[in-house]
Amino acid sequence: MIVKNGYVWNGMIFEKKNLYIENGRFVPHSSTGPVVDATGLFVMPGWVDSHAHIIGTGMKILSHDLTKENLFDVLTKTRESSESFVIARGWENLPKKQLLDKANELKIPVLLVRKCGHVAWINNYLKEKIGKNRDENNLLFEKEIEKVWSFLGDEFFSKAFEKGQQEFLRHGVTQVHSDDFHGVSFEVLKKLLENSKVRIFEKLYTYEPWNYEFGEFGISKIGGIKLFADGSLGGKTAWMFYPYKDTGGFGMNTLPDNFDEIVEFAERRNIQLNIHVIGDRALAEVLDRLEKAKAKLRHRLIHLQFILRKDFPRLRSFYLSVQPHFYFEDIPLLDNVSFELAYPFLQMHKSGYMIAFSTDSPVSPADPKYVLEYAFKMGFTREDGIYYYTEAGSKIAGYKCGRIDIGYCADFALYDGDPFEEDPIVVFVNGEEVMRK
């Protein structure tokens with residue numbers, strides 16, 4: 001394939017040049033394959049989202065969005081429709097009692113997921129189905145939510161996956177480090193990866209990784225293990241050294257009891273651990289445990305919103321997946337916590353740490369422009385922002401992608417306007433066209 005006369009991003013500026021592609025990679029020259037006329041178009045490497053949820057993104061599209069829809073209207077329409085399951089996501093504060101009572105009147109499952117995805121409310125019908133005691137409240141936290149996903153079925157998850165990858169491709173995202181093993185069967189997950197149009201690095205969520213298959217599936221691969229050390233700031237389950245001012249609680253430690261066994265397995269099999277850490281206490285615990293286990297691999301830490309000063313230098317040995325926009329989204333919540341360092345992502349950059357950007361979609365929009373807007377407000381340059389949303393993210397997953405250069409994967413997109421203001425008109429993954437506007 002030849003891409004002619006495009007304005008190609010070279011890491012610093014756009015320069016007019018031709019691109020040559022063979023066997024899914026950029027090559028010095030080629031005379032075979034189709035010719036793509038990119039005259040007047042901007043050519044960007046495909047964006048790399050270093051932490052998101054493709055199925056979760058699709059589920060949000062298929063579900064009710066409480067940031068845009070009124071819960072009363074959702075429940076009223078449900079009563080008059082043939083819906084067999086109500087999923088709605090996006091509440092920040094639990095809906096009022098009269099609305100929850102209305103949901104409890106329905107004889108179908110109702111799941112209301114908080115914006116962060118770490119807390120959910122279920123109606124009495126669903127509570128009985130999953131065996132949650134009647135004398136308990138209707139809130140689910142963290143891994144308790146996993147009990148609900150089995151009610152949705154593989155057909156629903158497959159549809160959600162397709163919607164999710166379409167949403168990422170629409171924004172020029174060609175590689176996603178996803179966390180999708182929630183409810184979907186492992187066999188179906190493998191088939192979805194095998195046929196994915198997006199290049200996926202799957203972080204397999206399991207406390208028994210030795211029971212599953214790791215490796216390549218089409219252009220994608222199952223290459224990591226996902227673990228949670230705590231919850232979310234908004235859900236007050238992020239594990240902190242200082243208590244939440246309104247509740248006096250410290251959050252939740254959600255590390256599995258067999259964490260050390262999982263570390264030993266990952267080290268032996270050369271598999272990357274991808275650990276969710278938001279609270280400073282969660283981070284300190286993970287660092288201590290990995291140090292005690294004498295871990296040698298370069299594992300990945302995700303989020304890192306609160307850090308003790310003494311722990312900051314210890315991050316140099318890890319890959320760090322961060323979300324600059326979370327700081328701006330979380331400003332209203334910060335008065336409720338005490339901390340030493342908060343969202344020190346620019347400091348990580350200045351210290352030469354290996355960081356990469358991500359959306360954590362569906363928690364936030366799947367659009368890279370949204371993340372980069374806030375990264376620039378935080379003080380990152382345009383060049384650094386692009387690097388951390390392309391090549392850097394690809395490197396931490398062991399891919400040679402995210403850059404338009406000889407030997408790199410031919411994952412790129414064509415824009416007929418400013419890539420920081422518009423979505424692409426055509427997207428290519430592995431040298432194949434996968435989306436056209």
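These notebook entries record what I looked up in a predicted model.

**Basis.** I number residues from 1 along each chain as its sequence is written, and I use heavy atoms for side-chain values, with hydrogens and water left out. Because the model is predicted, local features need pLDDT of at least 70 and side-chain atom pairs count only at pLDDT 80 or more, while totals for chains, interfaces and linings use all residues.

**Strand β13.** I took helices (H or I, at least four residues) and strands (E, at least two) as DSSP runs, numbered from the N terminus. I looked up the burial of β13, residues 199-205, where buried means under 20% relative accessible area, exposed over 50% and partly exposed in between (1.4 Å probe, protein chains only). Seven of the seven residues are buried, so β13 is largely enclosed by the rest of the structure. R199, F201, K203 and Y205 point one way, and I200, E202 and L204 the other.

I then looked up its partners; two strands pair if DSSP finds at least two bridges between them. Strand β12 (residues 173-178) pairs with β13 in the parallel sense over four bridges, and V176 has I200 as its bridge partner. Strand β15 (residues 220-228) is also parallel to β13, over five bridges; here E202 stands opposite I222.

**Five-stranded sheet.** I found an open sheet with mixed pairing in the order β7-β8-β9-β10-β11. Its edge strands, β7 (64-65) and β11 (139-141), each pair on one side only. β11 is antiparallel to β10 (residues 119-122) over three bridges, and F141 in β11 lies opposite V119.

**Helix α6.** I checked the length of α6, residues 154-170. Just after the helix, G172 takes a positive phi of about 85 degrees.

**P34.** I located P34 in the loop between β3 (25-27) and β4 (35-37). P34 counts as exposed because its relative accessibility is 53%. Leaving aside residues up to four places away in sequence, P34 touches M1 and I2 (contact means heavy atoms within 4.5 Å). Its C-alpha atom is separated by 8.6 Å from that of V3, 31 residues apart along the chain.

**Nonpolar core.** I define a core as a set of buried Ala, Val, Leu, Ile, Met, Phe, Trp, Tyr and Cys residues joined through side-chain atoms within 4.5 Å. The largest has 106 residues, of which L301, L315 and M348 touch the most other members. Beyond four places in sequence, the contacts of M348 include L304, I307, F312 and L315.
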